[in-house]
Amino acid sequence: MKKPNSPQEQAAPKRCHVLDLDDFSEGEIQSVLSDASAMSEILDRDIKKAPTLRGKSIATMFMEPSTRTRSSFEQAAKMLSADVISIGVSGSSSEKGESTYNTALTLQAMGIDLIVVRHPLSGTPNFLAKYLNASIINAGDGSHAHPTQALLDLYTINSKFGRIRDLRVVIVGDILYSRVARSNLWGLTKMGAQVVLCGPRTLIPDDFVANQHCLDNHPFKTVTVEHSIDRAIEGADVVMALRLQLERQSAGHLPSLKEYSQMYCVTSERLLVANPDALVMHPGPLNEGVEIDPEVAHGTKSVIEDQVTNGLAIRMALLYRLIAPTESGVSVSF
């Protein structure tokens, strides 16, 4: 099996945390995608297990509900033979008023090597990374970031097209409250994609693109906004639908779900103007009939199930890169 990481990369300082993609270079992102490709070989084995992280302990601390991300991280850790502890709001000391920081300190005192954190308050993983010795992976914090989702999206696109650069990627829906959209903006622009944001004016944040065309060094200077979904999808290589983050929204963003669906639901008819081999993506959970038509979600253009599978490979790659034992500075083989 191909061993992740090149000798040149091994000489670089080892990353301790994954908080967002703003501090990832294009080269590091490409390296993570390469590592994930190697990890995907484990998924094809009859016995889906490698001893790479034997003796390491990982905690998943999810203070918000999650199906895909939480189970994906836990499965990824177990496939690499790590020990896993799962902490949630229900049944934990947070129900008794304990802070997230003190819960994390308790886990660290138990010898946990890495904590995967999901939290409703933006910045929580960054705070923990500043004050704890354990490695931290951000599994979604408020409306701020979801870097592993963005990496698995990049991996999915790259696996299908063999590249990301110059592809037209359209992100449709609730951009304002989407941590997935924010991390994908960092990842897609660093990898050279042409990103189009599409949604109601009330759900497109001004700070994403304000004055960007006046600043040559603006990180999102290649991002455009289009409020018409039909114009946005025209010529698209990738269409990523986002669900409405109703749990984060205040009143007044939309007249009704019905009107939103009529104007922004990704349907087969709307995809006719996209490129013939266009991909349809969705980070989940899906609200079929609102942001995406069931026929599209389960159709031939959909790679939504591939995203779930690829999430395992990406998260295995990240766990490996952060806490795998090393011998003389060279990561051990699996």
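Modeller: Two strands count as paired if DSSP finds at least two bridges between them. The model discussed here is a predicted one. The part to look at is strand β3, which covers residues 114–119.

Start with its pairing on one side. Strand β1, residues 57–62, is joined to β3 by five bridges, and the two strands run parallel. Within this pair, F62 is found opposite R118 of β3. Another partner is strand β4, residues 135–141, which also pairs with β3 in the parallel sense, over five bridges. Here V116 faces I137 of β4 across the pair. In general, strands of a sheet pair through backbone hydrogen bonds, either parallel or antiparallel.

Next come the side chains. In a regular strand they alternate between the two faces of the sheet. In β3, L114, V116 and R118 point one way, while I115, V117 and H119 point the other way. The residues of both groups are all buried, that is, under 20% relative accessible area. Because six of the six residues of β3 are buried, the strand is largely enclosed by the rest of the structure. For the background, 55% of the 334 residues of the chain count as buried.

Now follow the chain onward. Together, β3, helix α5 (residues 124–131) and β4 form a right-handed β-α-β unit. The helix of this unit has a packing partner, helix α4, residues 100–109. Two packed helices are described by the angle between their axes and the distance between the axes. For α4 and α5 the angle is about 45°, and the axes lie 11 Å apart. That angle makes α4 oblique to α5. T100, Y101 and A104 of α4 make the contact with T124, F127, L128 and Y131 of α5. The crossing of these two helices is right-handed.

Last, the wider setting. The chain has 12 helices and 11 strands. Elsewhere in it, five strands form an open sheet with parallel pairing, in the order β7-β6-β5-β8-β9. β7 (224–225) and β9 (279–281) are at its edges with a single partner strand each, so one side of each has no neighbour in the sheet. Inside this sheet, β5 (residues 168–172) and β6 (residues 194–198) pair in the parallel sense over five bridges, with R168 opposite Q194 of β6. Among contacts in the chain with a separation of 6 or more, 77% come from residues 24 or more positions apart.

Notes. Residues numbered from 1 in each chain as written. Predicted model: local features only at pLDDT ≥ 70, side-chain atom pairs only at ≥ 80, totals over all residues. Heavy atoms only, no water. Buried < 20%, exposed > 50% of the residue type's maximum accessible area, 1.4 Å probe, protein only. Helix = DSSP H or I, 4+ residues; strand = E, 2+ residues; numbered from the N terminus. Right-handed = clockwise from strand over helix to strand, strands pointing away. Axes fitted to C-alpha atoms, helices over the stretch in contact; angles between N-to-C directions. Parallel < 35°, antiparallel > 145°, perpendicular 65-115°, else oblique. Left-handed = near helix turned anticlockwise from the far one by under 90°. Contact = heavy atoms within 4.5 Å.
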